[in-house]
Amino acid sequence: MTDVLETQEAAPPAWVREELGGATGRGIRVAVVDSGWDRSIGDDRVLPGVGFVDPDDDFALARNDDDQDVLGHGTACADVILSVAPDARIVPVKVFGKVLETSPGTLRAALLWAIEEGVQVINVSLGTRLEGTLHPLYHACEMARQAGIIIVAAGHNANDWSYPAIFENVIGVSAAKFDSPYHFRYRPEHAMECEAWGVERPVLWIGGERVVRHGTSFAAPSVAGIVAMILERHPGATLEQVREMLSRFALSVDLTPDSGTADEPSSPRQRARRTAAGARPQAAAAKKTASASKSRKAAAPAQPKAEKAVAAKPKAEKTAGAKAKQPASAAPGADRAAPARRAAEKAAATTRTRGKAAAERTRPAPAAETEKTSAAAGAKARKPASAPPKVDKAAPAKRAAEKAAATARTRGKAAAERTRTGTTSKND
């Protein structure tokens with residue numbers, strides 16, 4: 001048995017000391033739904049886990065005590081969490097066997113087990129694009145939210161949608177290049193609200209080897225570690241309260257988010273000044289837009305209401321990894337007093353800024369679960385319908401049904417067949 005390799009850990013930034021009292025994740029258990037943990041690496045912070053993979057069939061559900069990682073993916077995700085929250089405890093939940101693919105039923109069973117186990121955080125560095133998985137996965141994520149458990153999920157590597165990362169009851173994460181696991185951006189107008197270090201990311205691999213990997217799979221665990229620190233300092237914090245704190249601790253969002261560089265962290269006072277300064281021109285613009293809208297309404301005849309969901313014309317993915325395992329999620333504001341309104345505004349802003357009809361956070365509609373699903377990663381996927389209708393908090397079932405109907409009409413059958421991780425296995 002080898003010991004955990006020594007690494008140069010980044011010093012926690014000022015907000016960890018000043019606003020979280022130097023939290024380290026002590027007393028917080030994080031379930032890592034992935035490929036398990038390499039038990040040849042000795043680390044007492046990794047607790048006994050559970051397996052949901054049949055040894056004879058990677059896509060068959062069979063609960064057992066085998067949490068041994070043979071792929072390295074789960075070990076890497078757990079290591080990233082511990083690099084941010086060194087006193088947290090990891091609970092491996094194995095859903096990948098010999099390949100980074102699993103069935104939707106296995107993923108759902110793993111989530112339900114973690115909820116029953118009473119962990120505080122669940123990291124899901126995987127995802128799917130199969131429509132049939134929307135309802136059962138959303139239901140499991142909503143059970144977690146109601147139980148006070150925070151789910152952090154990796155988004156699609158091609159900056160597209162995937163379940164469960166786009167659910168509004170999940171914190172979705174995309175990847176960029178940073179120089180510290182504590183650095184991240186928070187963008188409430190995006191479906192993937194957090195952007196963390198997932199490009200050229202050093203991680204722990206099978207046998208204790210240190211390697212460099214790329215993908216949203218390794219960005220999500222950084223955010224999961226930060227959430228663990230928040231929950232240590234603020235036990236029982238709700239999902240919306242956690243989001244509010246993430247927005248306070250995040251780096252400023254620079255004008256070119258794809259540049260791969262991070263702005264310097266700002267102090268609470270600087271953030272307050274920046275927010276106040278930005279609010280004035282935004283308020284003026286909003287007022288001007290409202291005035292113009294009234295003028296147009298007065299001059300033009302009444303128009304019929306726009307459809308609740310506008311379909312995006314399906315087209316093949318242009319991303320290099322679209323046909324491969326690479327892009328699948330494994331690899332996903334904001335009015336805190338009214339989360340429903342926040343979700344609707346986020347969806348609208350996403351449509352405006354990204355031009356992708358399916359980038360909004362999704363609520364489920366009843367759909368039959370298929371036997372096997374593809375991880376949102378690299379399957380040939382079709383873009384989903386545009387922003388959903390305005391959220392009606394009082395009637396989620398009705399809204400979900402309308403959303404599903406619109407999606408079915410415009411997208412047709414999803415191309416993915418199985419759930420796989422959206423990480424690339426490329427060494428630099």
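User: Which residues have the most contacts inside the largest nonpolar core?
Analyst: Keep in mind that this is a predicted model. Its largest nonpolar core has 53 residues. Within that core, the ones with the most contacts are Ile171, Phe184 and Met229.

User: Are H3 and H4 roughly parallel or roughly antiparallel to each other?
Analyst: H3 covers residues 104-117 and H4 covers residues 134-146, with axes 10 Å apart. The packing angle is about 10°, and angles under 35 degrees count as roughly parallel. So the call for H3 and H4 is roughly parallel.

User: By class, how many nonpolar residues are in the contact of H3 with H4?
Analyst: From H3 you get Leu107, Arg108, Leu111, Leu112 and Ile115, while H4 brings Pro136, Leu137, His139, Ala140, Met143 and Ala144. By class, one residue of this contact is polar and one is charged, and the nonpolar count is nine.

User: Is Lys177 buried or partly exposed?
Analyst: Lys177 sits in the loop between strand E10 (171-176) and strand E11 (184-186). Its relative accessible area is 35%, and buried would need under 20%. So Lys177 is partly exposed.

User: Which side chain makes a polar contact with the side chain of Lys177?
Analyst: Lys177 and Gly198 are 21 residues apart in sequence, yet 6.3 Å apart in space, C-alpha to C-alpha. The polar contact of the Lys177 side chain is at 2.9 Å, and the partner is Glu200.

Note on methods: Residues are numbered from 1 along each chain as its sequence is written. This is a predicted model: local features need pLDDT of at least 70, side-chain atom pairs count only at pLDDT 80 or more; totals for chains, interfaces and linings use all residues. Side-chain values use heavy atoms; hydrogens and water are left out. Axes are lines fitted to C-alpha atoms, for helices over the stretch in contact, and angles run from 0 to 180 degrees between N-to-C directions. Helices (H or I, at least four residues) and strands (E, at least two) are DSSP runs, numbered from the N terminus. Angles under 35 degrees count as roughly parallel, over 145 as roughly antiparallel, 65 to 115 as roughly perpendicular and the rest as oblique. Contact means heavy atoms within 4.5 Å. Ala, Val, Leu, Ile, Met, Phe, Trp, Tyr, Cys and Pro count as nonpolar, Asp, Glu, Lys and Arg as charged, and the others, Gly among them, as polar. Buried means under 20% relative accessible area, exposed over 50%, partly exposed in between (1.4 Å probe, protein chains only). A polar contact is a pair of N or O atoms within 3.5 Å; within protein, one must be able to donate a hydrogen and the other to accept it, and residues adjacent in sequence count only if both atoms are side-chain atoms. A nonpolar core is a set of buried Ala, Val, Leu, Ile, Met, Phe, Trp, Tyr and Cys residues joined through side-chain atoms within 4.5 Å.
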